[in-house]
Amino acid sequence: MAGRFVRASKYRHVFGQGAKKEQCYDNLRISKNAWDTNLIKANPEYLSVNWEASGGGAFAVIPLSEKGRVPEQMPLFRGHTAAVLDTDWSPFNDSLIASASDDGKVGIWKVPEGFTIHTDAEEPADVSPAAKLSGHLRKVGHVLFNPAAENVLASSSGDYTVKLWDVEAGQAKLTLKHKDIVQSLSWSADGSQLVTTSRDKKLRVWDVRQEAPAIEVAGHPGAKSSRAVWMGEHDRIATTGFSRMSDRQLGLWDARNPGEPIGGFTILDSISGVCMPFWDEGTQCLYLAGKGDGNIRYYEFENDKFEYLSEYKSGEPQRGIAFLPKRGVNLHDNEVLRGFKTVNDSYVQPVSFIVPRRAEMFQGDIYPPTNGLKAGTTAQEWFGGKTALPPKISLESVYEGEGPTEVSADYKPPHVVESVQSPPPTKTEAPKPVDAPAPSPVTHGPPPSVSDNKASLAAGASKFADKDEESEDETSSFEEVSKPVERTTVTAARQEEKTRGPIFTQEPEPSKPTPAPTAAPKPAEPTPAASTSTSSSTPAPTASGAAAGLKDFLADIRSSVQQQAETLNRQNQIMADQSDQIALLLKKVNTLETKLASQSGDSEKDERIRELELELEEARS
């Protein structure tokens, strides 16, 4: 137990809490397509679900407020001629969603205002796409909006390409060519780079506007699918995959030089399901949810390592999972993240991750500023080469029920400027401590030069000479003698505190040897005769005052030692007297015992013997 160390973290006690069945989204027909995707996506308003539909592909959009059992007949988002494989919500428009389908098309959809799944119509009207983007030759497996630029969409296809779309113009402006099918993709925080994993077991970091991989390295060696996620504003990438022995692995890569994973691959377990990683920028935590698992693990990123925190355990496995943006969590319950997991392909269960806190107020340490609904750049600016982080909002205003207040995304550069400008004030402050210790030769903290020390000593000597001459002329200066006497006592007291002697010197003061402390004012008598100490107030405690304090202190020690010796002698005499009395009592007891041996029937003698024994015990004690 002595060697156990618990790492300090404010997220160490985060726990996952699954919603009850009444608070879930039930009676769903989740797609059973075998394509490796997350099946569901969520934003603060809606939840999209890949739907198992006949006669073409479709997906459902469910408002988060409409919990419970979904009606049998509900409006779907139809427009694809094959199964929908993936969806993604725009980070800057909660009603804009993109879909990827097996028909090779990318759909752009807008959720109607006041949309609800509960209608009185016998056959509710389906929603049609606002636009269809054509350009891929095979099925489109993934779609992902740019997190910093508005209406910029990335899509991966079975034709080994990733296309970057200008959604407003409806055109593919850039194409990233791979050598095999892309299994996952993730944007950097500023939207200038893209990381992809492929079936050829390669990890690629793309400078997307150059249409060429900046870095290409070997990823996880296993044959099964691997995933990658860019860790927000860090230059780090987290990947999950498999080893050659089919063990699930976790890797951490440096995006600037990912030759090998930092610290090597970490083996998680030997389960065969694909592990889906999710990064939370606000808490700096990585969440891992495996397909076919019932648990969700979470790690805290610190010092280029993933520190395991805990896991949410459940007996109901998930095939797909999605997480809300930070602006959609419940701030009053200290909910740092909310996920949605599919269960048995029939319902979606919300899972809240909560930091236990007793204070009923806004917890600013776990809710830093987060991205809002305003983009950093437009699509034209981004394709023109501009890169900018989106402005952030303060969650404290949301907690108080007000509108979100924006905090500029470039709030860090002012701090950098301050740190650059901070050395000049330190240089201006440097001469101040040099000037301060010049008049006081006692301090040794500042580093003055040898010439400065000589100058200070010469000045002190001149002061002594002047004041000695003035003290002979002025007779009224004898009244100021009390000040250096008090300073000597202060120095003596400080020296007594440094040593452990004052505990013994203070005890005998209230006892009989009272004249010992009265000897302290005696040094004050020769001070009138010494006219040199009258006017020299500053240097007195340094030389003569210190010597007088030491003499007083040694006199106190000698008196205390003498007093202790006298008390010891007295105690020795008392002990000797008591031992003589004990010896006399023992002789009396022996004589009485001999008498009792001859006269055993006498009760009075017995009582006398008992009394003597009691006296003997008292004397011994």
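**Note on the predicted model**

1. With a relative accessibility of 31%, I557 counts as partly exposed (buried is under 20% relative accessible area, exposed over 50%, and partly exposed in between, with a 1.4 Å probe and protein chains only). I557 belongs to helix α12, residues 544–598 (helices, H or I of at least four residues, and strands, E of at least two, are DSSP runs numbered from the N terminus). Together with L554 and V561, I557 makes a nonpolar surface patch of about 240 Å². Patch residues have over 30% relative accessible area and no salt bridge; like charges are joined within 9 Å, and nonpolar side chains (Val, Leu, Ile, Met, Phe, Trp, Tyr) within 5 Å. A salt bridge places a side-chain nitrogen of Lys or Arg within 4 Å of a carboxyl oxygen of Asp or Glu.

2. The model is predicted: local features need pLDDT of at least 70, side-chain atom pairs count only at pLDDT 80 or more, and totals for chains, interfaces and linings use all residues. Residues are numbered from 1 along each chain as its sequence is written, and side-chain values use heavy atoms, with hydrogens and water left out.

3. The protein chain holds 13 helices and 33 strands. Of its 621 residues, 43% are buried. The chain exposes about 33,600 Å², of which carbon and sulfur atoms supply 52% (Shrake-Rupley method, 1.4 Å probe). Among contacts with a separation of 6 or more, 53% are between residues 24 or more positions apart (contact means heavy atoms within 4.5 Å).

4. L153 has W165, in β14, as its bridge partner.

5. Strand β21 (residues 236–242) runs antiparallel to β20, and 4 bridges join the two. The bridge partner of A228 is T239, in β21.

6. L39 is not a glycine, yet its phi is positive, at about 70 degrees. The residue lies in the loop between β2 (25–26) and β3 (40–42), and L39 is buried, with a relative accessible area of 4%. E211 likewise has a positive phi, near 55 degrees. It occupies the loop between β18 (202–207) and β19 (212–218). The relative accessibility of E211 is 38%, so this residue counts as partly exposed.

7. Apart from neighbours within four places in sequence, E66 is in contact with Y25, F115, T116, I117 and H118. Q23 is 43 residues away from E66 along the chain, and the C-alpha atoms of the two are separated by 9.3 Å.

Terms used. Two strands pair if DSSP finds at least two bridges between them.
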